[in-house]
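Please examine the sequence and the structure before working through the solutions.

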Amino acid sequence: MNSTRQYDVGQVKSAAAGRWRELLSSLGGIDPSLLDGKHHACPKCGGTDRFRYIDDAAGACLCNQCHNTANGDGIASLMWATGHLRRHGCRRRGREGGRAA
């Protein structure tokens, strides 16, 4: 028997709505002061102003250097921040929100 729970990405995103800043900080380890939409040093690769939080509703972040593709939502941002695969990020977020598919 496989003990890995499966989570529906749509349900995970719905559960995360309005909470992406909190989740990117608590699960992704991104300093909350960097999630204000302004340009900052990237928490992963440095630089001086290449990182910014670009879409509060979707939870999307952008780094002009290391996170500039496949970065359209909070799940992608969590994957980038933690270095985990999408599946693992959904499991962590699903446990946090108690949403299972």
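**Exercise 1.** Is Arg21 buried, partly exposed or exposed?

*Solution.* The model is predicted: local features need pLDDT of at least 70, side-chain atom pairs count only at pLDDT 80 or more, and totals for chains, interfaces and linings use all residues. Residues are numbered from 1 along each chain as its sequence is written, and side-chain values use heavy atoms, without hydrogens and water.

Step 1. Buried means under 20% relative accessible area, exposed over 50%, and partly exposed in between (1.4 Å probe, protein chains only).

Step 2. The relative accessible area of Arg21 is 39%. Arg21 is therefore partly exposed.

**Exercise 2.** Identify the salt-bridge partner of Arg21 and state what the pair ties together.

*Solution.* Step 1. A salt bridge requires a side-chain nitrogen of Lys or Arg within 4 Å of a carboxyl oxygen of Asp or Glu.

Step 1. Arg21 pairs with Asp56, with 3.0 Å between the closest N and O atoms.

Step 2. Helices (H or I, at least four residues) and strands (E, at least two) are DSSP runs, numbered from the N terminus.

**Exercise 3.** Describe the salt bridge of Lys13 and the exposure of both partners.

*Solution.* Step 1. The partner of Lys13 is Asp73, the closest N and O atoms being 2.8 Å apart.

Step 1. Lys13 lies in helix H1 (residues 9-16), and Asp73 in the loop between strand E3 (60-63) and helix H3 (74-82).

Step 2. Lys13 is partly exposed at 33%, whereas Asp73 is buried at 13%.
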